[in-house]
Amino acid sequence: MSVREGFIGEDPEEFEAVLDTASNKISSLSNISLVLKKYNISKSSNLFGQAAAFLQHNVIVLIDGSDSHSRACALSTVTNIPLIRLHGNGGSFKQCDRAIQMSVGYKDYAHATFDLLNTFGWRSVVLVFKDESFLEAGYFRTLSRGSKLAVNLVKFSQPSENEDSGTALLRTMDEIRFYKAEVILLYVDKDNMESMLNQVPLNLTSHPSNIVLAVKLPYNQTPASEELENLLHIHGDTNKDLLAVSHDAVRVISRAVNNESCSSINGSAVHAEDREAILLCMKEVGINGLTGPVHFDAYGKRIGINLEILNLRSNCFKKVGTWNSAEKAVIFGNISQNLVTPPRAGSLEGRRFRIVVIKAAPFMMSRTEENGEVVYTGYCIDLLNELARNLKFTYEIYFTPDGFYGAETDNGTWNGIIGELLYKHADMAVADLTITEHRETVVDFTVPYMFYTEEMLLKKTLSNGKVDLLQFMNPFDSHVWFATLASLVIISFAVFFINYLSPYGYKDENGRGTAEEFSFSNSVWFALSCMLQQGADYSPRSLSEVINMKPFPITSIHYPANSKQQTGRILAGCYWFTILISVSTYTANLAAFFTVKNAESPINNLKDIVKSSYQVGVVQSSSTYEAFRRSKYDTYQTIWNRIKAADDVIKSYEQAAQLVREREEYVFIADGPGLRHVANQPPCDLTVVPGLTTAKGLSLALQANDPHTAYFTLAILHLHENNFLETLKRKWWDTENGCPEEQETALSRKRIGLLSMLGVYVVLGVGIVVAFLTLLVEIFWSKRSKQIVLSKETTRSRKWQRSKTNSIQVRPADD
């Protein structure tokens, strides 16, 4: 099938080779023969004569390569031949009813520009336009209403009579400078744009503070495009853009002709309905061309466009981002000035970093506002903003897709943040990332911005509210208390028997046995009073002494100088020495138990974990995870086996805190700063056991051999020296503490609480109760005894009275 195309333009030689080569290449790949016919439609040409020639030559599609579309549109209207426009983004006044637009519409350019300004946070804009672009400028002004953009319109000055173009250009430049705008948008033709960009003294392209950005259709490098470049000997970017849009236009025609609705068209006898059909078929075409996805709406306007964002550097445009209507502006490269001399090596000014982060409070947090905007907060955001302010760079951030910090997997690849840097998906990582030897082999670290030790997160014990009535017995082991009780009983028996058997002991009135002073009950009392350091009523005598020597209390004992054998007193002396040592030891330990408030934690170190049945959790692919996994130390290996046995994939501290709360015996090991933040949040039921390891460092990471690492290191050292990092740490850990602080001082730690002494007072209370009960028994017994004695006396008196009366009654009567 042979189809004839008509190419029209003021300078057809400019596109002749490009269109010829593209048509021949596409024709060779299909059963369609595309015949290209070139026409010159200069103002001097006869419009109606050309229209008749188009119809006579059975032209089915016109391709317009001119900058002025009015004559091409007129020809298309007169002949009803569909028109494909390669250039131009004119407004509705320039639209053709039968046109297919291969270039980008002015609305797409306006939206792309608007999103780009918002991405960089630029607010003050000057828009320079000509009469021909008034509609485009007005649309952008309307689009910016309701936003924070301040748009000022400047009309490009036209030279008056007796005035050259340079003077008019300077007048326009003066008006631009008046507004002192951050951004200048040029809605002018190519020649005027070049004049403005290179105008002295403004010199927009090479001034040290100016950045030049442009937006255009992409050029996808494919084997087909490389073959065409070689055939045409194309090297310049402008020619490549021409090749791409021309190639896509020819492909649209070829695909439309292959459409079922248009496959019956006879190229040697084209009728009006054939041209109408080919227009509809072209609107239905969808291809992935050299300029990206190519689709059209019902009006022939190109939709679903992808654009490249370019930055002028060293008088050459470099791709730094992309735009489409769905994802908006995405900047993945650095923007910089178009300096004649290269920038200072390692300079960060103007560079844009793509930064990977991980959600970990309080380092990195995010929230979504009511309007759908995502706001990032945290220690790392404050640090990053300060670095950006000092080093004058911009950034965009994204969360690591898998949620891991980064470790080497079994197949040799890296995951998490480290993997994003290693595979060049990100320029830098800003997170609570620990420096390790293994990570250092694949990425570069700055100097640490924070030092920490690994700690353990546990559930709080209920010791603070627990009452231990026997706390005063804690200084001695139960065996010691049993030994003390046994010694009391043994000494009591020993004192009693020694006094009973010794010829010099306390005897009764008959000089035998034992006196009341050292009966068995009083012997027990003697042993007990000595133990309590209260002094006994009598001390052992049991020796040859001066006759009639009186006993002395233990508090003021005076032994005679002429004593011979002192058996009982030897026993008493040894007993008193034992009591002295025991009481001194008890007092010292009791003071330690009362004054030192030990954290009653069941786990205080890694060895406690090994000895217990606690399950262990760590953040997967973290430095702690790697330390346990790679260590050959027995304790670490035992804990690693428990980590694997638990089989918990932990990605965040919040998830770990929930596991600690839910499980009976569970400990989570991680970086201290993150654990302290979690423990200081409601419901305040967790505690942290500190100091498991030596100090480690949290740092920023960049790609390996990044020349900017030294600049970040110097900036962080500066923030250390001016106490910015210390202030930042207090902000996110001290002021963000959600749990009430315990007001504890050195003096308060030495004070003994009532709960510690409660058991002693309970013993005292029991003693008082027993004493009063005994008193009641004694009173009752005393009264009972008196009543018995009184009853006996009364009975005896009555008997005596009765006997006396009887004796009087039996006296014989006188004779």
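Predicted model: local features only at pLDDT ≥ 70, side-chain atom pairs only at ≥ 80, totals over all residues.

Visitor: Let's start with rings. How many aromatic pairs does a search of the whole structure find?
Guide: The search finds 23 aromatic pairs. One of them is Tyr379 with Trp733, whose ring centres lie 5.8 Å apart with the planes at 70°, and because that angle is over 60 degrees, the pair counts as edge-to-face.

Visitor: And where in the chain do Tyr379 and Trp733 sit?
Guide: Tyr379 belongs to helix α11 (residues 379-391) and Trp733 to helix α23 (residues 724-734), so the pair links distant parts of the chain, 354 residues apart.

Visitor: What about Tyr633 and Tyr636, how are they arranged?
Guide: Those two rings form a tilted pair, 5.7 Å from centre to centre and with 50° between the planes. Tyr633 is partly exposed at 45% relative accessibility, whereas Tyr636, at 17%, counts as buried because the limit for that class is under 20%.

Visitor: Changing topic: which ring does the charged end of Arg354 sit over?
Guide: It sits over the ring of Tyr398, 4.1 Å from the ring centre.

Visitor: Now strands. How does β14 pair with β13?
Guide: Strand β13 (residues 306-313) and strand β14 (residues 316-324) run antiparallel and are joined by eight bridges, with Asn306 opposite Asn324 of β14.

Visitor: And what is on the β15 side of β14?
Guide: β14 pairs with β15 (residues 328-331) over four bridges, again in the antiparallel sense, and a hairpin of three residues connects the two. Asn324 stands opposite Lys328 in β15.

Visitor: Last one: which residues make the nonpolar surface patch?
Guide: The patch, of about 740 Å², is made by Leu485, Val489, Phe493, Phe497, Tyr500, Leu501, Phe520 and Val524. Helices α14 (478-501) and α15 (520-531) each give two or more residues to the patch, and α14 provides the largest share, six residues.

Visitor: How exposed is Val489?
Guide: Val489, which lies in helix α14, is partly exposed, with a relative accessible area of 41%.

Methods
Residues numbered from 1 in each chain as written. Heavy atoms only, no water. Patch = residues over 30% accessible without salt bridge, like charges linked within 9 Å, V, L, I, M, F, W, Y side chains within 5 Å. Areas by Shrake-Rupley, 256 points an atom, 1.4 Å probe, with all protein chains shown as cover. Salt bridge = Lys/Arg side-chain N within 4 Å of Asp/Glu carboxyl O. Buried < 20%, exposed > 50% of the residue type's maximum accessible area, 1.4 Å probe, protein only. Pairing = 2+ DSSP bridges. Phe/Tyr/Trp six-rings, centres within 6.5 Å; stacked < 30°, edge-to-face > 60°. Lys NZ or Arg CZ within 6 Å of the ring centre and 35° of its normal.
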